[in-house]
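Let's take a friendly walk through a protein structure, one topic at a time. Keep the picture in view as you read.

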Amino acid sequence: MTKAEARERKKKEKKEKKQKKEKKAKKKEGKPAAENGDVLLLVGTVKGAFVVRSDKKRSKWKIEGPHFPGESVYAMAYDERGGRQRLLAATRSFFFGSVIRTSDDFGKTWTAPERQNIKFPEDSGLSLVQVWQITPGPADDPGLLWAGVEPHCLFESHDGGDSWTVVEGLLKHEHRPKWTPGNGGLCLHTIIPDPENRERMVVAMSTGGVYRTDDGGKSWKPRNNGVRAQFLPDKHPEFGQCVHKIVHHPARPGTLFLQNHWGLYRSDDWGDTWKDIANGVPSDFGFAMQMHPHDKDTVYIVPVESDGFRAAPERKLRVYRTRNGGKSWKPLTEGLPQEGSYDLVLRDALTADSHDKVGVYFGTRAGKLFASANEGSSWSSISDSLPSIVCVKAAVVGGAT
Amino acid sequence: MVTFELPNALMPFARGLGEVRVEDARGTVREALVRLGATHPGIVERVLTEQGEVREHVNLFVGEENIRFLKGLATPVAEGETITIVPAVSGG
């Protein structure tokens, strides 16, 4: 081959390589940001948020982030109502306050509101510390969302999360002066709207307990009958319990499961009365609780040794599952550390996707993220080195398949 | 005129600039912030809470003096002075 031929050949190869690269980039560009059936894990940490993605097989995960590096993210949500595909994240700067941001391209870009889009009225005497929960409303009202915040209060949005107004009935509640902060602060962390009755909703607060409205938020009554307050002289006050999480199944909305600051409970009357269901768990102290999306008797929890020593009981990291509405609980351990574990799973760091074979996920204070693609029967690690995880929310793009 | 010097995190609320000059802002720090808020509300909402107090982990300096050790938001600001907004050296 002559020098000229070699030069020509090299030129041709370079051109082909360039064309191949362009073709690949074009293909990638045309590919949708996410495909139906993909699973999203929205992971909030004390140093930013991560969007963790997989296809429906849930065997390989891609971690994207951190978004909002340096800011803590205690609440995230995915909202697919009204034809959008919106991520929501409540970000808190250690210095400059909290806002709710949204992304309609799976986290490629986020809104950066100039004004604080969620804040207390000046005459309330209160200032927002952070957002603890974001809950999309019903499918037939796609603009409606709720946010639970610290200090204890509820906000609602009617424009998909861009602007928020306070729910006056809770803001001006007569019990407010008597609600006291738990270790995590004065937070309203659980929001359970009744899918059958727009006027009814249950919220839970640390520390304040369970409250229910039956008139669309105008008035709220404490619903803590049977839930103990281990840390108070009166163990069964009307309110003041430190409830950590409540879940329910939309197909049987009046049955609630509650993880308390000591105590596991079930109510079959929208919280009017509660019964102890801590049957066979190593500790009834814990934070996290997750409902199975397809089975109204299946609930997951992660017990914690005690309030004084917030670590895995007996140094074994175990998720417990009931399949009979709390009559009995079974430990799920395969793939999880069964010795030397000091892990702690916080109230919003346990979640499930809605595939037929449900995926269950949780994150720990030590930055470990675990996944199960078989309803908790076995677990694998997605990451063991994220920042301290404070929330994990799972979603299936396009709904369950 | 009073000049506000901004930390990097607040520059997006001033079109990327590191300082904002405000006419007729002399008086107190609170009055200067009110004037600033008329044109740059995003900055002021990140410095003050809903109750009009300086956020816990934000420091304001008039010249080289931290207003926490002067008269707080009532600290006087003279024509030509600079107010520097500084995130506290804290956190983990």
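Predicted model: local features only at pLDDT ≥ 70, side-chain atom pairs only at ≥ 80, totals over all residues.

## Where the two chains meet

Between chain A and chain B, twelve residue pairs are in polar contact, counting pairs with both residues at pLDDT 80 or more. On the side of chain A that touches chain B, the residues divide into ten nonpolar, five polar and five charged. In terms of contacts, 20 residues of chain A are in contact with 20 residues of chain B.

How much area do chain A and chain B bury between them? The value is about 1700 Å², and 53% of it is on carbon and sulfur atoms. Within chain A, the residues that lose the most area to chain B are Phe95(A), Phe96(A) and Glu114(A), which together make up 44% of what that side buries. The size of an interface is often given in just this way, as the accessible area lost when the parts come together.

## Salt bridges

Across the interface of chain A and chain B, the rule finds two salt bridges. In a salt bridge between the chains, the side chain of Arg115(A) meets that of Glu45(B), with 2.6 Å from N to O.

Over all chains, the count by this rule is 29 salt bridges. One example within chain A pairs Glu13(A) with Arg9(A), whose closest N and O atoms are 3.7 Å apart. Both Glu13(A) and Arg9(A) belong to helix H1 of chain A, which covers residues 3-30. Along that helix they are four residues apart, or about one turn.

## The second largest pocket

Rolling a probe the size of a water molecule over the atoms shows where empty space is left. The second largest pocket holds about 1000 Å³ of space. Its lining is made of 40 residues, and those nearest the centre are Arg92(A), Ser93(A), Phe94(A), Phe95(A) and Phe96(A).

Which strand gives the most to the lining of the second largest pocket? That is S6(A), with four residues. Strands S4 (72-79), S5 (86-93), S6 (97-103) and S7 (130-136) of chain A each supply at least two lining residues. Sorted by class, the lining has 17 nonpolar, 15 polar and eight charged residues.

Most residues other than glycine have a negative phi, and most peptide bonds are trans. Some places in chain A are worth a look with that in mind. Gly65(A) and Pro66(A) are joined by a cis peptide bond, with omega about 5 degrees, and Pro66(A) sits in strand S3 (residues 62-67).

Another cis peptide bond links Ser206(A) to Thr207(A), with omega about 0 degrees. Thr207(A) is in the loop between strand S12 (201-206) and strand S13 (209-213). Finally, Glu314(A) has a positive phi, near 60 degrees, although this residue is not glycine. Its place is the loop between strand S20 (299-304) and strand S21 (319-322) of chain A.

Note on methods: Residues numbered from 1 in each chain as written. Chains lettered and ligands numbered in written order. Heavy atoms only, no water. 1 Å grid on protein atoms, 1.4 Å probe; cavity = no way out; pocket = protein on both sides within 12 Å on 5 of 7 lines; lining within 4 Å. Points joined across faces, edges and corners; volume = space filled by probe spheres on them. Nonpolar A, V, L, I, M, F, W, Y, C, P; charged D, E, K, R; others polar. Contact = heavy atoms within 4.5 Å. Buried area = accessible area lost by both parts, 1.4 Å probe. Salt bridge = Lys/Arg side-chain N within 4 Å of Asp/Glu carboxyl O. Polar contact = N/O pair within 3.5 Å; in protein donor to acceptor, adjacent residues only side chain to side chain.
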